[in-house]
Amino acid sequence: MSLLEVKDLKVSFATADGVVQAVRGMSFSIESGRTLGIVGESGSGKSVSTQTLMGLNPGARVSGQALFEGQDLLAMNEQQLRRIRGSQIAMIFQDPLSSLHPLYKVGWQIMEMILAHRPESSKAQARKRAVEMLGLVGIPQPDRRADDYPHQFSGGMRQRAMIAMALALQPKLVIADEPTTALDATVQAQILDLMLRLQREFDTALIMITHDLGVIADLADDVVVMYGGKPVEHADRRTLYYRQHHPYTKGLLESVPGSSGAKGRLKPIPGQPPSLIRPPAGCSFHPRCEYAMDRCRVEEPPLLDVSTTVGERDGSHTSACWLPHEAIGISAEAEEIRREAAGRSIVETDGV
């Protein structure tokens, strides 16, 4: 049984311009010790989907299920969620300075979280654990730095402090929402190595939300690609990088510097992400897709099993695309199959 299983999660917000359909049918599962990467452009619904699981989107209209050890997080009240947040499920946010209170010492903030969930602990025990965790995440002289305020920490050290707080009670699941975006490359690599080491040590499940495919390549076991509030491809890391099926996933990978083979020239995805108030008919990616067929413009594709490679489990690779299952990867042969499929559709339509 999976540690967390999310089924058909839908999240919407009422605004003056209309109803924003932020998440439109998200499903995934994760087991202990595994890492799930969620990738996509800004506004694709990555953060909203996980924040909703933790009850951090008040006023949202939510449907679906999120079974954490058999208990539905979406059916819990605020008091029940508070008992789980921090102790069993922890979150690491993108900007640690906005997550840490500027008027309280870093060590005290970790202690406060420990005492809130472990009231039987003394302040001395909580401080000892806070200092231990600060040392574990690589902060020098943790007994002294525990008495510093957040503004006295560098950006990388603040993020380390947030990781220390998240792991202080050894939660079963950690949700990291773009935790390295604001850090330079060297510090980012250190933070990722730290998270991977601590995950192995505590056997923690990790959900990594990012738009950086390099981070996913380093950490993830499985990957969900989101577009327009929906998952469009789900596969293990290696399959996604070498035998991806959805054109949006292909576009994301070709947007990475050095991947297109055009002497360092980037190959961007043309157009803009769809409106989540008035999403386009059919496949939401079709206005930007070079392989779009007439069917794509009128009929929305479900997540279909495209596990065709020897050794892949049935259902281990799914894609929301009408292209043939054989059109997997970015090889010349796959390109020819894709273009022939799109060309056949156009010819058949013109002949009617």
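Biologist: Is Asp 8 buried, partly exposed or exposed?
Modeller: This is a predicted model, and in it Asp 8 lies in strand E1, residues 4-15. Its relative accessibility is 41%. Buried means under 20% and exposed means over 50%, so Asp 8 counts as partly exposed.

Biologist: What is phi of Asp 8 near?
Modeller: Most residues other than glycine have a negative phi. Asp 8 is a residue other than glycine with a positive value. Its phi is near 50°.

Biologist: Where does Gln 170 lie, and what is its relative accessible area?
Modeller: Gln 170 has a phi near 50°, a positive value in a residue other than glycine. Gln 170 lies in the loop between H7 and strand E7 (173-177). Gln 170 is partly exposed, and its relative accessible area is 46%.

Biologist: What does helix H4 reach from its first C-alpha to its last?
Modeller: Helix H4 covers residues 106-117 and has 12 residues. At 1.5 Å a residue, 16 Å is expected. The model comes close to that, with 18 Å.

Biologist: Which residues of H4 are buried, and what covers them?
Modeller: The buried residues of H4 are Val 106, Gly 107, Gln 109, Ile 110, Met 111, Met 113, Ile 114 and Leu 115. What covers them includes helix H5 (123-136) and helix H7 (155-167).

Biologist: Is H4 roughly parallel or roughly antiparallel to H7?
Modeller: The axes of H4 and H7 come within 9 Å and cross at roughly 20°. Angles under 35 degrees count as roughly parallel. That makes H4, relative to H7, roughly parallel.

Biologist: Is the crossing of H4 and H7 left-handed or right-handed, and which residues of H7 make the contact?
Modeller: The crossing of H4 and H7 is right-handed. On the H4 side, the contact is made by Val 106, Gln 109, Ile 110 and Met 113. On the H7 side, the residues are Ala 161, Ala 164 and Met 165.

Biologist: How many residues in the contact of H4 with H7 are nonpolar?
Modeller: The contact has no charged residues. It has 1 polar residue. The nonpolar residues number 6.

Biologist: What share of the residues in the chain is buried?
Modeller: The secondary structure of the chain comes to 13 helices and 12 strands. Among contacts between residues at least 6 apart in sequence, 63% join residues at least 24 apart. Of the 352 residues in the chain, the buried share is 50%.

Methods
Residues are numbered from 1 along each chain as its sequence is written. This is a predicted model: local features need pLDDT of at least 70, side-chain atom pairs count only at pLDDT 80 or more; totals for chains, interfaces and linings use all residues. Side-chain values use heavy atoms; hydrogens and water are left out. Helices (H or I, at least four residues) and strands (E, at least two) are DSSP runs, numbered from the N terminus. The expected span of a helix is 1.5 Å times one less than its number of residues. Buried means under 20% relative accessible area, exposed over 50%, partly exposed in between (1.4 Å probe, protein chains only). Contact means heavy atoms within 4.5 Å. Axes are lines fitted to C-alpha atoms, for helices over the stretch in contact, and angles run from 0 to 180 degrees between N-to-C directions. Angles under 35 degrees count as roughly parallel, over 145 as roughly antiparallel, 65 to 115 as roughly perpendicular and the rest as oblique. A crossing is left-handed if the near helix is turned anticlockwise from the far one by less than a right angle, and right-handed if clockwise. Ala, Val, Leu, Ile, Met, Phe, Trp, Tyr, Cys and Pro count as nonpolar, Asp, Glu, Lys and Arg as charged, and the others, Gly among them, as polar.
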